Every structure is written in C-alpha cells, then in structure tokens.
Amino acid sequence: MADHDVDLFVIGGGSGGVRAARIAASHGARVVVAEEYRVGGTCVIRGCVPKKLLVYASRFSGDFEDAAGFGWSVPEPIFHWPTLIGNVDREVARLEAAYTATLERYKVALVKSRAVLENAHTVRLADGKRVRAETILIATGAWPHYGPKIPGLDHAMSSNEAFKLKDLPRRIVIQGGGYIAVEFACVFAGLGSEVTLVYRGENILRGFDDDIREHLRNEMRGRGITVTCGHTVAAIERAGEEFVTRLSDGSTIASDKVMFAIGRRPNVTGLGLETVGIKLAEHGGIAVDSYSRSSIANIYAVGDVTHRVNLTPVAIREGHAFADTVYGGKPTPVDHTNVPTAVFSEPEIGVVGLTEQQASERLAKVDIYKTSFRPMKATLSGRATRMFMKLVVDGSNNQVVGCHIIGPDAGELIQVLGIAVKMRATKADFDATMAVHPTGAEELVTMREKAASYARVAAE
Ligand SMILES: Cc1cc2nc3c(=O)[nH]c(=O)nc-3n(C[C@H](O)[C@H](O)[C@H](O)COP(=O)(O)OP(=O)(O)OC[C@H]3O[C@@H](n4cnc5c(N)ncnc54)[C@H](O)[C@@H]3O)c2cc1C
C-alpha cells in the first residue's frame, strides 16, 4: 500500500463515479475523483434532469388546451425559451454544487481534470501530474454518436447542444428513433416547434413492445409531429438562415435546426485502455464481470462506459455495488434483469420486463392481457388520446413477466409495478388486488380477458 498515493482513483464524476467514490470513502477508503467537465455527469448536466424539466415545460401547452373543457378560459399563452433555459441552468448548477458538497462531506478529493491511464496503477492528469492508486474505477460514461460522415454533418447538433440553444427553433428535424430522439421530438412539439422525426428503421423505439411503439407513433402524429420511418439523413446544407436536410429518398426538409440522436457510444477513446490491456466487449464498452471488474484485476468500470443498461439508476447501483464489494467486505453482483424504465414522451411510457415478442421467443406458453381506453381527463378536455396497458404473463406458472404502459404518469406507475414484477407476482396476485377508483391504473388489476398473443396466433 505504501507506494500508492490513494486507495481508489475514480475517472469520471457522473452518476456511477460519484456514488462509488462516496460509498468507498464511507467504508474508509482514501478516494480521488477526476472530472474533466462538470460534477454530476450526463444525468445532472445534460441528461435526465434538464430533459425532464424541458418535458414539464412542454406539457403546459396541452394543459392550457385541456383546461377549456373544465370551464377555464386561458388567455393566449406565451412561451419564452430563454426564461426556461435560464431556470434550468440554475437548477443544474444547484445540483452540481450539491454533488460537489457531498464529495467534500465524505472527504473525497476532487480533481477538475481529464485523467488517463498510464499503467495499471497510475493515472496521469492533464497537467502531467501522476497519481498512483491501488484500485482504479473507470466511470467515463458515453458520448453522442453521429453515424457515418455525410455532407454537412457539422450542421447537426446532439442533445448536448439542445440544452444550450439561444432560441426555440421554429422548425426542427431530429434523426433517431430511440428514447432520446422521441423525447426531444415531443418536447419541441409541445413548446411549439414544427417537428420532423426521421428514423431509418421501420418503427420508432426499437426494443420496446410493438404495441407501445405503434401507439406512440400514432399519438405523436396526432400531436402534429411528422414521423418518417425507413429513411436516413443523407446530407445537410446551409441555405442562409435555415438548413435543408436531404433524406435517403431524395426528399428535402427545411428547418432551423437539425439534431441527431442516433445513439451513444461508451467513452473509451484516448483513455489508455490499450496500453494497460483492458479488454472491450463486442458492443464497444469495457468488458466487466458481474462485480464490474475489468480484464485487469485492480481496474473496475461502471455505468455507460460498460454499455450494459445505460440508465442513471443502473450506473448508481453498479457504483454502489463496486464500493461494497471492494471496500465494504460485501461482494455484491448487480442484477440487470427487470429494470423498470420510462420514456418521457407525450404520452409517457413505462415498461418493465419482457416484451410480448421476447416472451413468445423464450417461453413455452404466453398469455397476453391488454386494454386501451380513453383516460378520464380526456372525456371533458376532448383530447384525442388513449391510454394503453399490456401484461405479459408466463402461461406455465401465471407469473407476470412484462408490463407495458403508455399514458399519463406511466413512469410513476412502472416504478411501483417494477416491485411486483421483481417479486415475481402472478396474474392472480394482480387480480386479487383491489382497484383504486377512479384511476387509469385500476385497469392493471381488472384485465380478465386474454388477448391473442404472437405465440398463440403462431400456434393456431
Ligand atoms: C439526453 C439524455 C437523457 C437521458 N435521460 C435519462 C433518463 O430519463 N433516465 C435515466 O435513467 N437515464 C437517462 N439518461 C442516461 C444517463 O444520463 C446515463 O445513463 C448516466 O448518466 C450514466 O452515468 P455514468 O456515471 O456512467 O456516466 P456520466 O454520467 O456520463 O459521467 C461520466 C463523467 O465522466 C467524465 N469524463 C469522461 N472521460 C473523462 C476523463 N478521461 N477524465 C475525467 N473525466 C472524464 C465526463 O465529463 C462525465 O462527467 C439520459 C442521457 C441523455 C444523454
């Protein structure tokens, strides 16, 4: 130990790194965190938090419209983007300060610098200073990926820049079909922009349940968003103040901004991984075992840089488990199954467990229960929207193995349903639970009729 300056050196002060540092320090380790940009990482600075604040902002337009049916007359609402962004920036700065204060409270030393590996025990900082550590944790996150080089690619921005726009774009083209792309499409549309979403696949939200994907696409169209699937952006040209986006079919779209949200790649470049011999997995993230240990025994990696499940609570759980394993005397593997997740689109999505398709590929017998209904609030508001819910049940033992919801508060609902699914609740447990009336969620415990499932349709 004597030839080490610290017990643990954490590269990256985001969700995973900060949690790991704090817990390791609480177990008595001497810890240093290096952060090259702002403490808090993607989630706090340019991800979940500022995004959710924009989502809240974007939903007021619908609320103002809906109010009329309930007897309110609301004067023509006026939206001011600089006010929103200024307030979001202040909240982000407050959270950054809170994260920094937490590190100080736990006596974790913070170095505001880029850090790279020089060898398995040495980290080099931007000023050339070297720190020797017994254990190193890589928690460098991920970065937006722009795809193949196309003419005019420099004109495209990523979600990072979306939080820094001076004005709300009157028209925006967004390329991508994942959750970040659809969330931003709904945010901009809600705030009043004319939005075109361009996605190369046959439908948005690949990996989600097909019914959810179709439902959201229809709802987005109903809210005036143009969803163009089966095409890619082939080129972007500047024409005076605007941009002209040419699609793979030759058609063009004029807009004030073009955003790419086609995926994020683990931050592994230039870190010295090759020098040390750290192996990458096929997907490009650092290969780790269930304790987040890399191919080098004293070097661990957590969060998006490992490209397992790229979500904040997962990065936090992995960081916490790493610290408990290495410093708390409590080896803790991380269970990546049944991670509940939300898409803050409009309407919102909440999912946990298997999609119908996954279940039909993996299980001998699948029972599907689904319902689609008009949310009560939409009756008086007159809004053309529906809520949809699906339960995927293992037909062999009645266990609920998947829940898929699209509609108001789906993110909140799925957090609670996630507990039931994690506890292996059966459909009979759902049925035995008394409904809460009048809510949308009561439908979850009152679905009795089996719907036609892939498996059954295929068998018939
Ligand atoms: C627009 C957007 C919306 C999102 N919304 C959600 C959501 O609603 N819910 C959810 O769960 N997840 C969401 N995510 C994903 C979530 O933000 C990430 O999964 C999470 O932040 C990963 O944490 P991490 O610790 O792995 O990495 P990060 O939080 O990215 O932290 C990595 C840190 O390392 C620093 N760093 C990188 N390299 C170095 C280096 N060499 N030296 C020093 N510092 C370095 C970076 O500056 C960064 O601060 C969203 C992401 C984006 C982009």
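**Terms and their grounds**

A: Pro438 sits in the loop between helix 13 (427-432) and helix 14 (454-459). Helices are DSSP runs of H or I with at least four residues, strands are runs of E with at least two, and both are numbered from the N terminus. The model is predicted, so local features need pLDDT of at least 70 and side-chain atom pairs pLDDT 80 or more, while totals for chains, interfaces and linings use all residues. Residues are numbered from 1 along each chain as its sequence is written, and side-chain values use heavy atoms, without hydrogens and water.

Q: What makes the peptide bond from His437 to Pro438 cis?
A: The omega of the bond from His437 to Pro438 is near -5°. The bond from Glu346 to Pro347 is also cis, with omega near 0°. Pro347 lies in the loop between strand 17 (341-343) and strand 18 (349-353).

Q: Why does Lys107 count as exposed?
A: Exposed means over 50% relative accessible area, buried under 20%, and partly exposed in between (1.4 Å probe, protein chains only). Lys107 has 71% relative accessibility and therefore counts as exposed. Its place is the loop between helix 4 (81-105) and strand 3 (109-111).

Q: Why is Asn338 called partly exposed?
A: The relative accessible area of Asn338 is 29%, which makes it partly exposed. Asn338 is in the loop between helix 9 and strand 17.

Q: What makes Val44 buried?
A: Val44 has a relative accessible area of 1%, so it is buried. The residue belongs to helix 2 (residues 41-46). Contact means heavy atoms within 4.5 Å; apart from neighbours within four places in sequence, Val44 has contacts with Val49, Pro50, Val92, Leu95, Glu96 and Tyr99.

Q: Why does His215 count as buried?
A: The relative accessibility of His215 is 13%, so it counts as buried. His215 is part of helix 7 (residues 210-222). Not counting residues up to four places away in sequence, His215 touches Arg386, Met387, Phe388 and Ile406.

Q: How do you know that the side chains of Ser292 and Arg308 are joined by a polar contact?
A: A polar contact is a pair of N or O atoms within 3.5 Å; within protein, one must be able to donate a hydrogen and the other to accept it, and residues adjacent in sequence count only if both atoms are side-chain atoms. The contact between the side chains of Ser292 and Arg308 is 3.0 Å. Ser292 also counts as buried, because its relative accessibility is 1%. It is found in the loop between helix 8 (273-276) and strand 16 (299-301).

Q: Which polar backbone atom lies 2.9 Å from a nitrogen atom of the ligand?
A: That atom belongs to Ala115. An oxygen atom of the ligand is 3.3 Å from a polar backbone atom of Leu311. Taken alone the ligand exposes 1,000 Å², of which the protein buries 96% (Shrake-Rupley areas, 1.4 Å probe).

Q: How many residues surround the ligand?
A: The shell has 38 residues, with Gly16, Glu35, Thr42, Lys51 and Asp304 the closest. A residue is near a molecule if one of its heavy atoms lies within 4 Å of it. Helix 2 gives the largest share of the shell, 4 residues.

Q: What makes a set of residues a nonpolar core?
A: The members are buried Ala, Val, Leu, Ile, Met, Phe, Trp, Tyr and Cys residues joined through side-chain atoms within 4.5 Å. The largest core has 46 residues, and those that touch the most other members include Leu54, Phe188 and Met259. Helix 6 provides the largest share of this core, 8 residues. A second, separate core has 23 residues, among them Val32 and Ile278. Beyond its neighbours within four places in sequence, Leu54 has contacts that include Trp81, Phe163 and Val187.
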